Amino acid sequence: MTLWIDIAALDDIPPRGARTIRTPEGCVAVFRTFDDRVFALDDRCPHKGGPLSDGIVHGHAVTCPLHAWVFDLETGVAQGADEGAVATYPARVDNGRVLIDAERLVGRRVA
């Protein structure tokens, strides 16, 4: 059974924007897309460590603000010629609230 943690109201995250949550292992970026879907990824680009939460959200992707690497919000995989990925975490919206899988956040380790 998944333990969901309530982190914010959907309206607290602007459309095509992000917010961060801090964990003992580092920050997680929570993104809201144009169609009000939410996605959670590590907030650190594997290329140069740029904060993905400061990136540009377009469609279901985010572009790193430092060197324009593009990551798929669903899979965390870099797009185009770039290689690499960031960890993703289950997230959903329920009654206007953004929920994230607490078990995955607590036990997260990035290889």
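Biologist: Among contacts in the chain between residues at least 6 apart in sequence, what percentage join residues at least 24 apart?

Modeller: This is a predicted model, in which local features need pLDDT of at least 70 and side-chain atom pairs count only at pLDDT 80 or more, while totals for chains, interfaces and linings use all residues. Residues are numbered from 1 along each chain as its sequence is written, and side-chain values use heavy atoms, with hydrogens and water left out. A contact means heavy atoms within 4.5 Å. Of the contacts between residues at least 6 apart in sequence, the share that joins residues at least 24 apart is 42%.

Biologist: In what order do the four strands of the open sheet stand?

Modeller: Two strands pair if DSSP finds at least two bridges between them. Strand β3 (residues 26-32) is joined to β4 by five bridges in the antiparallel sense, and β4 is joined to strand β8 (residues 88-89), also antiparallel, by two. At the edges stand β2 (17-23) and β8, each with a single partner strand, so one side of each is left without a neighbour in the sheet. The order is β2-β3-β4-β8.

Biologist: Which residue of β4 is the bridge partner of A29?

Modeller: Five of the five residues of strand β4 (residues 38-42) are buried (under 20% relative accessible area, with exposed over 50% and partly exposed in between, for a 1.4 Å probe and protein chains only), so the strand is largely enclosed by the rest of the structure. One of its residues stands opposite T88 in β8, and the bridge partner of A29 in β4 is that residue, L41.

Biologist: Is D36 buried or partly exposed, and what is its phi?

Modeller: D36 lies in the loop between β3 and β4, two strands that form a hairpin with five residues between them. At 35% relative accessibility, D36 counts as partly exposed. Most residues other than glycine have a negative phi. In D36, however, phi is positive, near 65°.

Biologist: How are the planes of the rings of W69 and F71 placed, stacked or tilted?

Modeller: Rings of Phe, Tyr and Trp (its six-membered ring) pair if their centres lie within 6.5 Å, and planes under 30 degrees apart count as stacked, over 60 as edge-to-face and the rest as tilted. The structure holds one aromatic pair. The centres of W69 and F71, both of them buried, are 6.3 Å apart and the planes stand at 35°, so the pair is tilted.
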